[in-house]
Amino acid sequence: MAAPLELSCWGGGWGLPSVHSESLVVMAYAKFSGAPLKVNVIDKTWRGSRGDVPILTTEDNIVSQPAKILNFLRKQKYNADYELSAKQGADTLAYIALIEEKLLPAVLHTFWVESDNYFSVTKPWFASRIPFPLSLILPGRISKGALNRILLTRGEPPLYHLREVEAQIYRDAKECLNLLSNRLGTSQFFFGDTPSTLDAYVFGFLAPLYKVRFPKVQLQEHLKQLSNLCRFCDDILNSYFRLSLGAFSCMNRNQQQIDLGEVHSHDSTT
């Protein structure tokens, strides 16, 4: 019998199985590849200290970071890319690099740096799922880490000031969204009728941006004008997460584990 695969990640809201992009990437890939993950949703009993999820745990391994987790799953024969050509594999790497360079900084800014969004949505949501006294410390630590990550990649001359950096990262993110929309076109997924790693990454980064209700929605408004990307997110939610959304989005604070391999056992009502 295969060793159990357990994924520790942030949970869901706004109709999403997770509001955290990197957690959502892994959860979507597991769905696409058939990996039987048991999801340990972070709640007030959590023992972590830095919020560095998702983390995949097996009998013999602890793996963090989406790329490393997906590589581990492939080695366990859970491969969503087995039908891709060599060129499509190369395109996958190129588009993931584009997402991480052009889109990720704006997603981080939208959630963790834009003050209205952070104080009214992001901080309360994450703090409500973290045990005291970490709930007072960890959201601010993640916010500072997000800002440092943005400035590290974008705070070079002549973009010394945060406002200049903000303008640039949103321009880059809108350009990235346009490129993704053009690449997807009218297809169901990025490489035809079957979802792959690239679809997991695009879904993971776009779905929270699309669904979470923020007061400041600059990038969200642009995304909603790209109807094929919105349809893409809705289709994945409906096809792969519909039966488990109720369980994810109205988590009982005492409920930690949801088995992705047994989603039909969950009711979709809230």
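1. Where does P133 lie? P133 is placed in the loop between α4 (115-127) and α5, where helices (H or I, at least four residues) and strands (E, at least two) are DSSP runs numbered from the N terminus. The peptide bond joining F132 to P133 is cis, with omega about 5 degrees.

2. The model is predicted: local features need pLDDT of at least 70 and side-chain atom pairs count only at pLDDT 80 or more, whereas totals for chains, interfaces and linings use all residues. Residues are numbered from 1 along each chain as its sequence is written, and side-chain values use heavy atoms, with hydrogens and water left out.

3. Mean pLDDT (the predictor's confidence in each residue, from 0 to 100) is 84 for the protein, and 82% of its residues reach 70 or more. Helix α7 (residues 197-211) has the highest confidence, at 97, and strand β5 (residues 257-259) the lowest, at a mean of 37. Across residues 245-270 the pLDDT is below 50, yet this stretch has 65 contacts in the model beyond near neighbours in sequence; a contact means heavy atoms within 4.5 Å.

4. W14, in the loop between β1 (5-9) and α1 (21-33), has a positive phi near 55 degrees although it is not glycine. Its relative accessible area is 24%, so W14 is partly exposed (buried is under 20%, exposed over 50%, partly exposed in between; 1.4 Å probe, protein chains only).

5. Q65 likewise has a positive phi, near 75 degrees, in a residue other than glycine. Q65 belongs to the loop between β4 (62-64) and α2 (66-75) and counts as partly exposed because its relative accessibility is 46%.
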